[in-house]
Every structure is written in C-alpha cells, then in structure tokens.
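Thanks, everyone, for making time this morning.

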Amino acid sequence: MTKAAEVSSNLVVLGFHALSDQLRVQVLDLLRDRELCVCDLCEVLNVTQSKLSFHLKTLKEAQLVRSRQEGRWIYYSLNLPQFVVLEQYLAEFRRFSPILPARSCRDSE
C-alpha cells in the first residue's frame, strides 16, 4: 500500500470512528448551518467544556471539523472535503460490489 493510500485509509477509519458517537454526530448536525464557538456548543448540547473538548479532538483528528481561534474563543466548522472522502469510500461499495445471493458453505464442497 502506498503512503498516500495508507493515509487515506487511516482517515476513513478515523472518520467512521468519529461518526460512531451520538454526541459527535450532534455536534456535526449543529455545525451544518454555521460555525459555532465551544461555548455555544456546550450550551446547546448541555455538556461541560472538558467533555466536549474530548469529542471535538476526535472530530479534528478525523478531519471532519476545522477550528480557528478568534481572541480567546475557538470556533468550529465542518471540513466538507473530508465528508466527500467518506462518501466516495461508501460509493465504491455501491458501484463495484454487486449484491450476490447468500450461499451456504456446503455449496463449495
């Protein structure tokens, strides 16, 4: 596997891991419409900043969100190109994997 393919594969794994938690999915849903600061996210989600920081770190490592600092506040927004990577990964299954009927193990004997 090439270095680029390895990095891409790792990002797919990190992306789906990030999407496997309900709170992180809620964060992403809130960021669909606009950029939000941590304080707004904490308030809407009714979670502490330390709990949210853990989840935001996971989303950043998966490159699903971006952050920018303005003064003492950190603002988060979606990183849409990374969603395209995950979407294309799933599309490959639909495109190249025909749905085959199940066969029993006895069929191979």
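At what angle do the axes of helix H3 and helix H4 cross? Before I answer, please keep in mind that this is a predicted model, in which local features need pLDDT of at least 70 and side-chain atom pairs count only at pLDDT 80 or more, while totals for chains, interfaces and linings use all residues. Residues are numbered from 1 along each chain as its sequence is written, and side-chain values use heavy atoms, with hydrogens and water left out.

The axes of H3 (residues 38-45) and H4 (residues 49-61) come within 10 Å and cross at roughly 110 degrees, which makes H3 roughly perpendicular to H4. Axes here are lines fitted to C-alpha atoms, for helices over the stretch in contact, with angles running from 0 to 180 degrees between N-to-C directions; 65 to 115 degrees counts as roughly perpendicular, under 35 as roughly parallel, over 145 as roughly antiparallel, and the rest as oblique. Helices are DSSP runs of H or I with at least four residues, strands are runs of E with at least two, and both are numbered from the N terminus.

On the H3 side, Val-38, Leu-41, Cys-42 and Leu-45 meet Gln-49, Leu-52 and Leu-56 of H4, where contact means heavy atoms within 4.5 Å. By class, this contact of H3 with H4 has six nonpolar, one polar and no charged residues.

H4 also meets helix H2 (residues 22-31), with axes that come within 10 Å and cross at roughly 75 degrees, so H2 too is roughly perpendicular to H4. Leu-23, Arg-24, Val-27 and Leu-28 of H2 take part, and among their counterparts in H4 are Leu-52 and Leu-56. The residues of this contact of H2 with H4 divide into seven nonpolar, two polar and two charged.

Turning to helix H5 (residues 80-96), I would point out Gln-82, which is buried (under 20% relative accessible area), at 5%. Leaving aside neighbours within four places in sequence, Gln-82 is in contact with Leu-11, Ala-62, Gln-63 and Leu-64.

Key. Nonpolar A, V, L, I, M, F, W, Y, C, P; charged D, E, K, R; others polar. Buried < 20%, exposed > 50% of the residue type's maximum accessible area, 1.4 Å probe, protein only.
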